[in-house]
Every structure is written in C-alpha cells, then in structure tokens.
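These are my notebook entries, written while looking through a structure that was new to me. I put down each thing I looked up in the order in which I came to it.

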Amino acid sequence: MHGEYKVPGGKLVVVDCEVDEAAGVLRNVRVAGDFFLEPDEALTAIDRALEGAPSDADAAELAARVEAMLPEGTVMFGFSAEAVAVAVRRALAKATDWTDYDWQLIHERPQSPALHMALDQVITEEVAAGRRAPTLRVWEWDSSAVIIGSFQSLRNEVDPEGAARHGVTVVRRISGGGAMFVEAENTITYSLSVPASLVSGLSFAESYAYLDDWVLNALGDMGIKAWYQPLNDIASKDGKIAGAAQKRLAGGDGAVLHHVTMAYDIDADKMLDVLRVGKEKLSDKGTRSAKKRVDPLRRQTGLPRAEVIDRMIASFRTRYGLATGEVTPEEMARAEELARTRFSNEEWTARVP
C-alpha cells in the first residue's frame, strides 16, 4: 500500500507498507519524503515505531507511537509525527493524489447566484458518479449576492432592507459555514469537485487545509504570504483573504465539494449594510471591526482581477495539469431546473428562518 500526504505549507511525506491481515498489523513500513530530519537514525526509528502497529489505529495513536520512538533531540522540519500518521492512514484508505487525475477547468460567462449553487451540486454529483473528471470551476457573477450557509438562520445573517436597498440577491448553498457577500468585480470564487478518495485518511479539518494548499502556493507566486487558518479561512498578516466551505455527497464512490470565496476588493460599508455581523463572530476573529476582518487581493497584489484569476489557474495547471472543459448540456439542464425549483425557492432559502 502506498500513501502520500503533502503537509500544507510543508513537505511531502510518503509511506509504503503492507498489512498482515491475520494479525491485523502493519508490516514492512517505509517512510520517505522531501522533508528534513536530524539525526539520520530518526528515520529508522519512525519505521520501527510503525512496524507492528494495529492497522485500525487512528492517526493520534500512530503519531504517539512515532513520538515515543524518536531519539532525543530529533528535529523534524517540514513535517511532523502527525503528518506521518496521516500518510499511513491515507495508504490504508487507498487514497488518491492530485496527480492521479486529468483535471478539468470550467470558467464560463457570468451566471446568476441560484445557478451557481445548482452547478456546484450537479457537477459534484457527476464527479461522484464517475461521469465527470475532477473539476476546478471558476465562477463569474451576474449580480451581487449574499450566500448563506446551509444551516444558518436567514434573519440572523441578512438585513432584508439592506439587501433590497442594494439589489442584493440572497441564496442558500448546500454546504455549511458562514455568509458570503459577493459582487461581480470584487470577488473571486471557485469550486473544487473532487472524488472522496482524494481526501481519504484526512480528518474534516485536514481536508480543508489539504484542498486549500494549491491556492496558498498560487498566492505565494504573486508575492502574498498566506496560510490556512482553521477551520475554513485563508489569511495573511493583514487579515482574512478568503473563506471556504465543504459538502460531502454520496452516490457512486462519493465526492467532496470545496468552494472558496476570495475578496479581490470589497465595499465594506455596503457589506455591513446587508449582513448582520455579530459581536461574537468578530471577537472570535480577534478584531473589533468587520471592515478589518477582510484584506482584499487588489491591494495586496496590485493586479487586475482577471490577471489574479489567470495566475491562479496557471499555478494549478503547472502543478497538476488542467484541461479546458465546459458544462455539458445535460448538466446545465439539471442545474437550471435545480436553480428554479430549489435555489430560487423561498422555502429553501428560509429553511432556517
């Protein structure tokens, strides 16, 4: 069995092992990677720690075994005992890697907020069923919107008078998480629709970091030092850049929808007129003002929005390959029906009043 885990912001950890089915333990464990480790004999200690470990051990138990066997004074740079444990779990789960797939890009004309919600669902269902390759979809908006999380209270999140005053549409998505305020030229939004096997062996939190790692590298290529901030933010030293949300879909082999909204520019006054930003949410982020929570990419990069998007796409393509695709007529027909019957339906939008 073979498992790989690229530590977000760190190095690659690779584990090859076998399972003694009769005894239910790991055998012939070999750990490798592009990490840094001192002293040399620590690598042998890691292998020895995992040899004979229960094959059903969770990541915490495996990490503890590794920590207990490390020589005194061991230095691990770019990885950790926890990262080794995750790589083991991914090997046992027969997880796939980014480079195992022929990725497809969808980047089409501006579309309505309700249609974007529907396309996320349809495309991810198609990936789950094996009818579509893993897909990166970059959104273009035809109008301003607030997208609330699947479990949020509509009245607690949105000021209806402010939304009406600014012509802002309110829609509810299928994933959890918080409200997003978007404007066509001020927002960069993308979705990853991926097979469930890509995040096999990862905890829910680890899957966020893992699926965000490529965009952190893309931002780094543009001179922005950004990092994953649990549970679902991307941040820099000047504040939040983006927020992510996920949804697991069954059917076929299963799939994960991971979508991210990034602030290219932002009309903070309009946002505060439309959203009800609670004091607890602000205190949780360590700031008194909602205006200070988000630091737009326009200021940080000095680049036009279209160029930021082009550079992000180019970064993804360089790392994993990316062919240009499109929404099929069948997918669009299903999405348009869902946009009409579900995502434009007041019963769905106000399902948590």
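This is a predicted model: local features need pLDDT of at least 70, side-chain atom pairs count only at pLDDT 80 or more; totals for chains, interfaces and linings use all residues.

In which strand is Phe77 found? I looked this up and found Phe77 in strand S5, which covers residues 75-77.

**Entry on the surface**

I next looked at the surroundings of this residue and found that Phe36, Val75 and Phe77 make a nonpolar surface patch of about 330 Å². Phe77 has a relative accessibility of 55% and therefore counts as exposed, since the cut-off for that word is over 50%.

I then turned to the sheets, and wrote down an open sheet of 3 strands in the order S1-S2-S3, with antiparallel pairing. Strand S1 (2-6) and strand S3 (25-33) stand at its edges with a single partner strand each, so one side of each is left without a neighbour in the sheet. From one strand to the next, I noted a twist that averages 20 degrees.

Looking at one pairing in detail, I found that strand S2 (residues 12-20) and S3 run antiparallel and are joined by 7 bridges; Val19, for example, has Leu26 in S3 as its bridge partner. I also checked the side chains of Asp20 and Arg27, which meet in a salt bridge with an N to O distance of 3.8 Å. Asp20 is partly exposed at a relative accessible area of 26%, and Arg27 is likewise partly exposed, at 34%.

**Entry on the sheet of 8 strands**

Which order do the 8 strands of the other open sheet follow? I read it as S12-S13-S14-S15-S11-S7-S6-S16, with mixed pairing. The edges are strand S12 (227-229) and strand S16 (323-324), and because each has a single partner strand, one side of each is left without a neighbour in the sheet.

Within this sheet I followed strand S11 (residues 187-195) and strand S15 (residues 255-263), which run antiparallel and are joined by 9 bridges. One of the residue pairs I looked up here is Thr189, whose bridge partner in S15 is Thr261. Helix H4 packs on the sheet, where it touches strand S6 (104-107), S7, S11, strand S14 (239-249) and S15, and the direction of H4 makes about 175 degrees with that of S7. Helix H11 (residues 305-320) also packs on the sheet, touching S6, S7, S11, S15 and S16, with a direction about 20 degrees from that of S11.

**Entry on salt bridges**

Glu125 forms a salt bridge with Arg334, and the closest N and O atoms are 2.7 Å apart. Glu125 lies in helix H4 (residues 113-128) and Arg334 in helix H12 (residues 329-343), so this pair ties together parts that are 209 residues apart in sequence. Glu125 counts as partly exposed at 26% relative accessibility, and Arg334 counts as partly exposed at 33%. I also noted that Glu125, Glu126, Arg131 and Arg334 are linked in a network of salt bridges.

The side chains of Arg132 and Glu331 meet in a salt bridge as well, at 2.7 Å from N to O. This pair links distant parts of the chain, with Arg132 in the loop between H4 and strand S7 (135-139) and Glu331 in helix H12, 199 residues apart. Are these two residues buried or exposed? Both Arg132 and Glu331 are buried.

Notes:
Residues are numbered from 1 along each chain as its sequence is written. Side-chain values use heavy atoms; hydrogens and water are left out. Patches are made of residues with over 30% relative accessible area and no salt bridge: like charges are joined within 9 Å, nonpolar side chains (Val, Leu, Ile, Met, Phe, Trp, Tyr) within 5 Å. Accessible areas come from the Shrake-Rupley method with a 1.4 Å probe; for residues, only the protein chains shown count as cover. A salt bridge is a side-chain nitrogen of Lys or Arg within 4 Å of a carboxyl oxygen of Asp or Glu. Helices (H or I, at least four residues) and strands (E, at least two) are DSSP runs, numbered from the N terminus. Buried means under 20% relative accessible area, exposed over 50%, partly exposed in between (1.4 Å probe, protein chains only). Two strands pair if DSSP finds at least two bridges between them. Contact means heavy atoms within 4.5 Å. Axes are lines fitted to C-alpha atoms, for helices over the stretch in contact, and angles run from 0 to 180 degrees between N-to-C directions.
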